Each structure stands twice: as C-alpha cells, then as structure tokens.
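The following note sets out numbered points for a colleague who is examining the model. Please read each point with the sequence and the structure open.

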Amino acid sequence: MNPSVISVSKSVLEAIKARLKSFHDLLVDPPKTNVMKTTWGLLDPPVGNTRLNVIRLVCSLLQTNTNNINLELVELNTIGVILDMFFKYIWNNFLHTQVEICIALILASPLESTDDKITNEETIGENLLLTHVFLKCQLVERILDAWDMNEKKQSDGGRRHGYMGHLTRIANCIVHSSEKGPNNMLVQHVVKELPNDIRERWEVFCTGPLNETNKKNTVDLVTARHIHSSSDDEIDFKDTGFSQDSSLQQIQQMTSNFIDQFGFNDEKFADQDDIGNVSFDRVSDINFTLNTNESANIALFEAYC
C-alpha cells in the first residue's frame with residue numbers, strides 16, 4: 001500500500017478520535033426534532049438521520065480495528081448507548097442493521113497487530129472492546145431478556161418485535177465466534193466469566209429456542225413436497241377403467257403426419273396475392289373422433305362423485 005495513503009488514513013482517524021466525544025453526545029442528546037406519530041405509537045425523540053449516520057460512522061471506525069479508537073469507544077461506552085437504541089426502537093430496521101454490523105465487526109476483529117508476536121492465549125483479556133461488549137454492555141443478558149419479552153408478548157397475542165431477526169443473527173454470530181472465530185478463546189473465556197445463572201440461561205437458549213428458530217428459518221428446497229388435500233389419499237386413481245388404446249392410436253396417427261400437414265412449405269413464402277389459393281383440404285381429412293366407452297365413464301363418475 002502507498003505510504004501516503006496510510007498516513008492520510010491515520011491522520012483522518014486521529015482527527016475523528018478527537019471528535020468522538022462530540023459524536024457520542026449526539027447519540028445521547030440528539031438534535032431537537034418534533035415528536036413522530038406512527039401506527040405503533042409516538043417516537044419522542046425519533047432516531048433521526050443524525051444519530052443513524054453517527055452509528056454508520058462507528059461501524060466504519062470499527063472496521064479499521066484501530067486500538068486507540070477502540071479504547072476511546074470503550075471509555076465513552078458508545079457501544080452501550082447504541083445497544084440501548086437497538087432495543088428501544090423496536091421497529092427501526094435501518095438502525096438494527098447497523099447495530100448488527102457493529103457487533104459482528106467487534107466479534108470478528110482480531111487484536112490489533114503489533115511488532116511483538118502475540119499468541120492466542122495471551123490475547124485473552126487484551127481485546128478490551130470485545131470484553132467491554134460482553135461484561136459492561138451485558139450483550140448476552142440483553143439478548144436473553146429481549147427474547148423472553150418477545151415470547152411473552154406473542155403469547156399474549158401481540159406482534160413479534162421488529163428486531164428479532166437481527167437479534168437471532170447476533171446470537172448466532174456469538175455462537176459461531178466462540179467456536180470458529182478469530183477470537184474464539186476470548187469469547188469462550190468471557191462467557192465463562194458471566195454469572196452462573198446467565199451462563200446457564202445462555203446454554204439452554206442456544207440448544208433450545210435459538211436452535212429451533214434456526215431450523216424454522218432453514219428451508220430445504222430439495223425435500224419440499226407439494227401441498228395436497230387429505231382427500232387425495234383417500235381415492236386411488238391407478239385403475240380408472242378408461243379405454244385409452246383407441247385414443248392413443250388416434251393421436252399417434254395425427255402426430256405422425258403433423259409436420260407434413262402443418263409444417264412450413266414453399267407456399268409460406270409466396271406472394272400475399274397467392275396465399276388465398278392455398279388448399280386446406282388435407283386438414284379436413286384429419287379424424288379427431290375419440291372412441292371412448294361413454295356409458296362406462298358416466299358410471300365411474302357417479303361412483304366417485
């Protein structure tokens with residue numbers, strides 16, 4: 001990479017870092033806007049474009065995985081504020097998408113490389129942002145509580161919360177990160193550091209509701225079967241009694257001469273004045289009569305109907 005590009009990137013990050021506190025304050029105390037009336041109630045205040053774009057900026061900063069930026073986000077508890085917004089605005093999927101990306105980036109970002117070689121075991125406790133999300137922001141507890149709240153609401157006849165799809169993917173991201181992610185040992189470690197009751201709830205949740213939801217969301221197109229009514233299983237149409245030999249013979253006789261009778265010929269490309277003289281006598285010679293046993297068919301119809 002061009003060294004000038006790196007220097008510009010670092011200078012931009014340093015400039016943003018100096019203003020992170022101001023951006024954070026916009027999330028906590030957004031510009032004054034009118035109360036928004038929606039079909040689901042009043043939003044006071046609404047999310048607004050300002051806060052949504054601040055969260056997008058945080059996503060971009062997390063993607064750089066810069067140590068001093070991460071430390072500043074931990075100090076400000078910016079991720080905690082973003083999570084508060086995620087669960088408060090349950091119908092704003094633009095917001096939910098950005099928060100999901102933030103969490104995925106934190107889980108997937110390895111410890112910032114340095115000149116010294118660091119083993120995976122030595123990184124435990126060093127990735128402060130990831131530890132902050134689990135312990136300070138209580139990500140696991142909030143997922144469990146939101147899931148239980150949604151289940152209770154639906155059991156009472158209410159609607160499913162709008163963030164549930166994103167919440168499912170965040171939970172799956174945590175499970176995947178603990179198994180195969182670049183920070184798998186650290187994720188396993190912080191999960192073990194959770195209170196016993198929370199850790200037990202999480203284990204039951206992963207093997208129960210989360211696993212069941214994943215199965216419901218998985219569509220097996222190969223084994224999918226056509227929907228049919230129960231009455232289809234009650235009638236056997238294998239032996240209908242129709243005499244098909246004569247009908248098939250008539251059709252075969254017709255199709256054997258089809259191209260000869262209906263195919264293209266030189267007359268197709270004749271002048272328009274000559275087309276009217278084309279003879280259709282051969283078409284009239286085709287016998288479309290089907291020899292079927294009408295009385296037998298009527299009796300069979302009455303028997304089944």
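1. The crossing of H2 and H3 is left-handed; a crossing is called left-handed if the near helix is turned anticlockwise from the far one by less than a right angle, and right-handed if clockwise. On the H2 side the contact is made by Leu20, Phe23, Leu26 and Leu27, and on the H3 side by Thr50, Arg51, Val54, Ile55, Leu57 and Leu61. Contact here means heavy atoms within 4.5 Å. By class, this contact has eight nonpolar residues, one polar and one charged. Ala, Val, Leu, Ile, Met, Phe, Trp, Tyr, Cys and Pro count as nonpolar, Asp, Glu, Lys and Arg as charged, and the others, Gly among them, as polar.

2. The model is predicted: local features need pLDDT of at least 70 and side-chain atom pairs count only at pLDDT 80 or more, whereas totals for chains, interfaces and linings use all residues. Residues are numbered from 1 along each chain as its sequence is written, and side-chain values use heavy atoms, with hydrogens and water left out.

3. Axes are lines fitted to C-alpha atoms, for helices over the stretch in contact, and angles run from 0 to 180 degrees between N-to-C directions.

4. Helices H9 (residues 164-180) and H10 (residues 184-192) pack with their axes 6 Å apart, at an angle of about 115°. This crossing is also left-handed. H9 contributes Ile174, Ser177, Ser178, Glu179 and Lys180 to the contact, and H10 contributes Asn184, Val187 and Gln188. Two nonpolar, four polar and two charged residues make up the contact of H9 with H10.

5. Overall, the protein has 17 helices and two strands; these are DSSP runs numbered from the N terminus, helices being H or I of at least four residues and strands E of at least two. Of its 305 residues, 30% count as buried, where buried means under 20% relative accessible area, exposed over 50% and partly exposed in between (1.4 Å probe, protein chains only). Among contacts between residues at least 6 apart in sequence, 75% join residues at least 24 apart.

6. Which residues of H4 (residues 67-76) are buried? They are Ile69, Asn70, Leu73 and Leu76. Seen down the axis of H4, these buried residues fall within an arc of 130°, so they line one face of the helix; the arc is that of the directions from the helix axis to the C-beta atoms. Asn70 has a relative accessible area of 10% and, leaving aside neighbours within four places in sequence, is in contact with Leu62, Asn65 and Leu129. H4 is followed by Asn77, whose phi is positive, near 60°.

7. Asn150 has its place in H8 (residues 139-155) and counts as buried at 1% relative accessibility. Beyond its neighbours within four places in sequence, Asn150 is in contact with Arg159, Arg160, His161 and Met164.

8. The C-alpha atoms of Ala108 and Gln63 are separated by 9.7 Å, although the two residues are 45 apart along the chain.
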